[in-house]
Amino acid sequence: MSDTKAAVRRFFKGSSINLMYVPALTIFAIFLVWPVLQGAYLSTTSWDGYSPTLSSAGWSNYTRLVSDPNFLVALRNTFIYGVGSTVLQQIIGLFLAVLLERSGKISNSVRAIIYLPVLISPVVMGTFYYLVFRYRQGALNGILEAFGVQPVAYLANSNFAIAVIVFINSFQFVGVSMIIYLSGLQSIPAEVHEAAQLDGVNGWQQFKDITWPMLHPAFAASVVINLIGGLKLYDIIKVLTDGGPGFDTNSVSTLIGRTYFGSQAAGYAAAQGVVLFFIIVLFTVITNRWLDRRATRVGL
């Protein structure tokens, strides 16, 4: 009898703990699960975004995506923004973290300066660089004209504009990667490096064989955060180029806005959004599995 009572108490104790998840799960369901399900439903309609009635379109919105050149360009650009920004932020963020971790007291001020762009709105950052690169009365062309050089239409070149967008996004959020790597560096016991120095291991070998493998948790966190942010990039593109020239610099996020509000094709825009959602999920899953295998290789 006592065993039965103990089992009942354990059951209700576990249930009471599980009830603590209910508020969080409710918020998650309302603000994430329900919008995703609603978007998936709208993607099978031909809704214009304003009409009170919906008409079914089946899978036609998804078949249209495959043959839509503007969507395919936006999809390519989304990969470039996501992967390009992630790679740059890892390289620069790690370099800055290693440099500042060894620079003494002055590093606190420098860290704050490097992290400061993260606190600035991407809209403000995009506007600033628009004023730098625009053709008429742009800061860069103003400098060139002062030296007798003809102004250049920088943002009319889609390849250059894409590179600028990757640079701006990387520059603005490299402080996040730097802070993550600094935390990882500071968590490595000093005794490990001291023992390596006693064994005659030089600085590069210590970094390659000790520091870098032990930074894997920081590397994993930084990669996932930067990748998701790059794949859903919107603000900077909207302000800097608005997806132009033409549709050449659109990401899927900005194309969704142009499709919904510009073409009044809410159902088609919803299909683009569903595809973007699954792309981010797929990239995140693949990246996490690769990071798990890497963790196994480095012995973590």
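Start by selecting Asp242, which is partly exposed, with a relative accessible area of 35%. The classes used on this tour are buried for under 20% relative accessible area, exposed for over 50% and partly exposed in between, computed with a 1.4 Å probe on protein chains only. Asp242 sits in the loop between α12 and α13. Its phi is positive, about 55°, although Asp242 is not a glycine.

A word on what is loaded: this is a predicted model, in which local features need pLDDT of at least 70 and side-chain atom pairs count only at pLDDT 80 or more, while totals for chains, interfaces and linings use all residues. Residues are numbered from 1 along each chain as its sequence is written, and side-chain values use heavy atoms, with hydrogens and water left out. Helices (H or I, at least four residues) and strands (E, at least two) are DSSP runs, numbered from the N terminus.

The peptide bond from Gly244 to Pro245 is cis, with omega near 5°. Pro245 lies in the loop between α12 (235–240) and α13.

Next, select Ile256 in helix α13, which spans residues 252–263. Which residues does Ile256 contact, leaving aside neighbours within four places in sequence? They are Ala269, Gln272, Gly273 and Leu276, where contact means heavy atoms within 4.5 Å. For a distance check, pick the C-alpha atoms of Ile256 and Tyr50: they are separated by 16 Å, and the two residues are 206 apart along the chain.

Move to Gln137, in the loop between α6 (122–133) and α7 (139–146). Gln137 counts as exposed, at 72% relative accessibility. Phi is positive here too, near 65°, in a residue other than glycine.

Now show α6 and α7 together. Their axes are 4 Å apart and the helices pack at an angle of about 25°; axes are lines fitted to C-alpha atoms, for helices over the stretch in contact, and angles run from 0 to 180 degrees between N-to-C directions. Leu131, Val132 and Phe133 of α6 meet Ala139, Leu140 and Asn141 of α7.

Select helix α5, residues 107–115, where Ser107, Arg111 and Ile114 are buried. Seen down the axis of α5, these buried residues fall within an arc of 65°, so they line one face of the helix; the arc is that of the directions from the helix axis to the C-beta atoms. The buried residues pack against α4 (69–101) and α8 (158–186). On the face turned away from the buried side, look for the exposed residues Asn108 and Ile113.

Then go to Thr211 in helix α10, residues 203–214. Buried or exposed, where does Thr211 fall? Thr211 is buried, with a relative accessible area of 6%. Not counting residues up to four places away in sequence, Thr211 touches Leu185, Ile188, His193 and Gln206.

Residues 21–42 are 95% helix and 0% strand, with the end C-alpha atoms 30 Å apart. Residues 214–234 are 81% helix and 0% strand, with the end C-alpha atoms 34 Å apart.
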